[in-house]
Amino acid sequence: MLLLAASAAVLMADPMPLDMPRAEAYLVREGGRRYLEDRFDRLDLWSSRAVDGRWLDDEGRVFVCSALRECPPQEISESSVSTRAEYVRSAGPVKRDDLERRRRAVELLSPVEVAEEPERPRQIPRGFRDVEYWQGTNETAVVCAFLPEKEETWRIATWLLAEGDEFYAAKEAFEEAMFSGRDSTWSQLKERLGQPEGEPSRRRRAKKAPPPDSPAFERELLRVDARHSVAAYPSWHATDAEEFTVLDELPDGSAFIPSLTNELAVMRRRYAAAVPTPLDGTNVLCVARIFASRDRYLDALEADGLTNMTWTAAYWSPSRRELVGYLPREGAAELLKTVRHEAFHQYLTYACSTIAASPWLNEGYAQYFEEGPDGPDAPDFSDLAGYSAAVAPLMDMDYGEFYSGSDAERRLKYRLALSVACFLEHGAPRVRFDPFRGLKGRYVEALFETKDMRRAIVAAFENEDQRRLFAAEWRKYCMGELR
């Protein structure tokens with residue numbers, strides 16, 4: 001029975017997409033160019049690139065397969081942060097006979113404390129140069145390093161057992177499932193991982209890689225990492241375009257992916273036109289991860305520590321640089337609407353150098369773009385015309401104030417924010433002398449300088465008289481006078 005359980009777990013019964021490394025963004029000024037530079041803990045980068053796949057069975061056993069391609073970090077410290085490009089340039093290969101670095105890698109990847117010295121099976125399986133077991137006396141996991149024939153790269157497999165498993169039976173089952181010839185787990189994994197980057201793509205644009213000293217090089221390294229996170233899973237696909245990569249586990253041939261692929265390119269241009277940024281974004285990649293079910297989406301929420309957002313259909317994870325969603329029962333049209341909303345949050349995070357922008361701008365424009373690049377079709381805001389005195393306080397609110405209050409109060413603030421976005425896009429240009437031209441650009445520039453959303457909105461307006469004029473003209477727009 002345990003052998004069957006081993007085969008189910010090790011043979012990829014339930015794939016768990018890999019976590020992207022967590023980034024911190026730094027604003028870099030280089031000559032006349034300003035751009036965001038993502039920096040990572042080297043250990044986080046190393047582990048995300050080392051782990052090829054992770055699977056979970058119904059009993060809670062977790063199987064992880066990794067590759068010792070690069071030297072593991074020798075210590076964890078703040079000084080170990082780097083960009084992806086710096087990491088790639090400095091990371092060196094591990095020699096086949098380097099036991100010290102192999103032990104360090106096993107130590108970092110193992111779910112249990114590892115032994116000082118490995119033990120070997122009575123007989124090395126056919127097709128392998130060497131096999132080492134590192135779990136020592138701990139009987140809750142099998143930790144195995146192995147070197148296939150005709151390869152220079154050691155692989156590391158860990159199998160965290162379920163409560164009640166008998167260790168020696170589990171180890172025997174693991175060895176049988178992992179190394180038993182043509183139908184072994186390793187043979188199936190090798191078939192997937194032997195392709196370039198796992199090549200799970202439905203479509204992949206062939207293009208020449210950018211030079212290592214160009215801004216776009218960082219973007220392509222992020223793309224490689226994103227594709228790597230699903231490469232071992234046959235049910236997942238990756239679709240690339242110039243500025244984004246979409247990862248999905250939707251049925252092959254899903255009509256949603258071409259729609260999303262075409263839409264994101266158009267939408268990102270419209271986001272940039274609506275809220276311009278002084279940053280050079282040629283190193284930025286939009287990554288969208290779409291789960292097939294709500295349950296898998298909720299697992300991702302939990303992994304990101306966002307259990308208070310279980311009511312959502314999609315979210316933007318700033319630290320992982322991912323937009324995460326799932327295909328709801330309402331279908332692809334509803335998902336596309338949600339993705340447009342969250343993709344604006346993603347754009348604004350970069351556009352404002354990860355400095356929190358005011359919620360009226362962030363939520364207002366996210367709602368504005370839900371229906372497509374041109375915004376909502378002739379919305380009726382006549383019921384809001386009496387709230388002109390609330391416009392200035394709304395634009396001064398932080399997120400605590402914006403999200404506070406009853407459901408009805410929050411709905412009103414969201415609707416007011418949407419109406420301000422619609423006014424700026426369609427009503428403000430019709431005001432005589434166009435007094436609010438450049439307001440959003442001035443706001444973003446002021447946000448860069450002040451790093452404070454309230455001070456930035458004060459700086460965006462010339463004076464209090466202009467703020468009063470803004471509220472008055474917004475009221476006219478709501479009443480249909482500026483259409």
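Guide: Let us begin with contact, which means heavy atoms within 4.5 Å. Among contacts in the protein chain between residues at least 6 apart in sequence, 66% join residues at least 24 apart. Please keep in mind that this is a predicted model.

Visitor: What makes up the secondary structure of the protein chain, and what box do its C-alpha atoms fill?

Guide: The chain has 17 helices and 13 strands. Along the principal axes, its C-alpha atoms fill a box of roughly 85 × 50 × 40 Å. Of its 483 residues, 54% count as buried, and the accessible surface comes to about 22,500 Å², with 50% belonging to carbon and sulfur atoms.

Visitor: How far apart are the mean positions of the positive and negative charges?

Guide: The 65 positive and 82 negative charges have mean positions 5 Å apart.

Visitor: Why is the pair of Tyr 297 and Tyr 326 called tilted?

Guide: A search of the whole structure finds 33 aromatic pairs. For Tyr 297 and Tyr 326, the centres are 5.0 Å apart and the planes make 40 degrees.

Visitor: What does the pair of Tyr 297 and Tyr 326 tie together?

Guide: Tyr 297 lies in helix α9 (residues 294-303) and Tyr 326 in strand β13 (residues 322-326), so the pair ties together parts that are 29 residues apart in sequence. Both tyrosines are buried.

Visitor: What makes the pair of Phe 461 and Phe 470 edge-to-face?

Guide: The angle between the planes of Phe 461 and Phe 470 is 85 degrees, with 5.5 Å centre to centre. Planes over 60 degrees apart count as edge-to-face, so the pair belongs to that class.

Visitor: Why do Phe 461 and Phe 470 count as buried?

Guide: Buried means under 20% relative accessible area. Phe 461 has 4% relative accessibility, so it counts as buried; Phe 470, at 1%, is therefore buried as well.

Visitor: Which residues form one aromatic cluster?

Guide: One cluster is formed by Phe 128, Phe 146, Trp 159, Phe 174, Phe 179 and Trp 186.

Visitor: How do you know that the charged end of Arg 39 sits over the ring of Tyr 26?

Guide: The charged end of Arg 39 is 4.0 Å from the centre of the Tyr 26 ring. The distance limit is 6 Å, together with a limit of 35 degrees from the ring normal. Arg 102 lies over the face of Trp 154, at 3.8 Å from the ring centre.

Visitor: Why is Pro 328 called buried?

Guide: Its relative accessible area is 9%, and the cut-off is under 20%, so Pro 328 is buried. Pro 328 is found in the loop between β13 and α10 (332-351), and it touches Glu 334 and Leu 335, residues up to four places away in sequence not being counted.

Visitor: What makes Ala 378 and Lys 451 exposed?

Guide: Exposed means over 50% relative accessible area. Ala 378 has 62%, so it is exposed; Lys 451 has 58% and is therefore exposed. Ala 378 is in the loop between α11 (359-368) and α12 (391-396), and its phi is near 45 degrees, a positive value in a residue other than glycine. Lys 451 is in the loop between α15 (439-450) and α16 (453-460), with a positive phi of about 55 degrees although it is not a glycine.

Terms used: Residues numbered from 1 in each chain as written. Predicted model: local features only at pLDDT ≥ 70, side-chain atom pairs only at ≥ 80, totals over all residues. Heavy atoms only, no water. Helix = DSSP H or I, 4+ residues; strand = E, 2+ residues; numbered from the N terminus. Buried < 20%, exposed > 50% of the residue type's maximum accessible area, 1.4 Å probe, protein only. Areas by Shrake-Rupley, 256 points an atom, 1.4 Å probe, with all protein chains shown as cover. Lys, Arg positive; Asp, Glu negative; His and termini not counted. Charge placed at Lys NZ, Arg CZ, Asp CG, Glu CD. Phe/Tyr/Trp six-rings, centres within 6.5 Å; stacked < 30°, edge-to-face > 60°.
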